[in-house]
Amino acid sequence: MKITTTAVPPSGEPGSGSPDDAALTSTLTASRALLGMIARSLAPVMDTVTLPQFRVLVVLSNFGPLRMGELAQHVGANQSSFSRFADRMVAGGLIARSASPDSRREVIISLTAEGARVYAEVTGARKQEIALVLEKLSPADLDAVRAGFEVFARAAGEPSADETLILGI
């Protein structure tokens, strides 16, 4: 991934599409706060589940059971090396393999109860931490945060699942 930077005018002249320094700084600060929440939500499971394994749990939680090749594609892996990776997850009780009802040559990967539990634990911890922050806000500030995130998300566009998988979200 190539990252490019451009100079931001200090005033963020209206209509220029360039953010002012205060908006840029505030957004970066908020993004660090959110990344901290993500990291803390993952911390309790990182001794038993790696980040790449959690990425698989996220995909399966969002898309349901998938053919091995589709799952490998979603996580950006080569199917042959992903098969060995999946073996470790099967051995760890996080996912299960089964034959496709349509073709015996296709392998379907699905979450196990343990994989679903790990995903729910991390997601629940993240939701709880965000809720605790939101509870500190006045109704007016809560409305401002909601509106601000809606505007920001609309401008940024909804990320694909593949773009958010690296962070386990």
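Predicted model: local features only at pLDDT ≥ 70, side-chain atom pairs only at ≥ 80, totals over all residues.
1. **The overall layout.** Of the 169 residues in the chain, 24% count as buried.

2. **Surface and contacts.** The chain has an accessible surface of about 11,000 Å², and carbon and sulfur atoms account for 59% of that. Now turn to contacts between residues at least 6 apart in sequence: 53% of these join residues at least 24 apart.

3. **The sheet.** In what order do the strands of the open sheet lie? The order is β1-β3-β2, and the pairing is antiparallel. The edge strands are β1 (66-67) and β2 (95-99), since each of them pairs on one side only. As background, strands of a sheet pair through backbone hydrogen bonds, either parallel or antiparallel.

4. **A closer look at β1 and β3.** Strand β3 covers residues 107-111, and two bridges join β1 to β3. To find one of these places on screen, look for R67, whose bridge partner in β3 is I108. Keep R67 in mind, as this residue comes back in point 7.

5. **Helix α1.** This helix spans residues 21-42, which makes 22 residues. From the first C-alpha to the last, α1 reaches 32 Å, close to the 32 Å expected at 1.5 Å a residue. Which residues of α1 are buried? They are G36, M37, I38, S41 and L42. The cover over these buried residues includes α2 (51-63) and α5.

6. The model has seven salt bridges. Side chains of opposite charge can pair when their charged atoms come close. Is R40 buried or partly exposed? With 47% relative accessibility, R40 counts as partly exposed.

7. Together with E106, R67 and E70 are linked in a network of salt bridges. E70 is partly exposed, at a relative accessible area of 29%, and R67 is partly exposed too, at 35%.

8. R117 and E121 form a salt bridge, and their closest N and O atoms are 2.7 Å apart. Both residues lie in helix α5, four residues apart, which is about one turn of the helix. R117 is partly exposed at 41% relative accessibility, and E121 is partly exposed with a relative accessible area of 32%.

9. **A nonpolar patch on the surface.** Which residues form this patch? They are L34, I130, L134, L142 and F149, with about 360 Å² of accessible area together. Helices α5 (113-135) and α6 (139-156) each supply at least two residues of the patch. I130 is found in α5.

Note on methods
Residues numbered from 1 in each chain as written. Heavy atoms only, no water. Patch = residues over 30% accessible without salt bridge, like charges linked within 9 Å, V, L, I, M, F, W, Y side chains within 5 Å. Areas by Shrake-Rupley, 256 points an atom, 1.4 Å probe, with all protein chains shown as cover. Salt bridge = Lys/Arg side-chain N within 4 Å of Asp/Glu carboxyl O. Pairing = 2+ DSSP bridges. Buried < 20%, exposed > 50% of the residue type's maximum accessible area, 1.4 Å probe, protein only. Contact = heavy atoms within 4.5 Å. Expected span 1.5 Å × (residues − 1).
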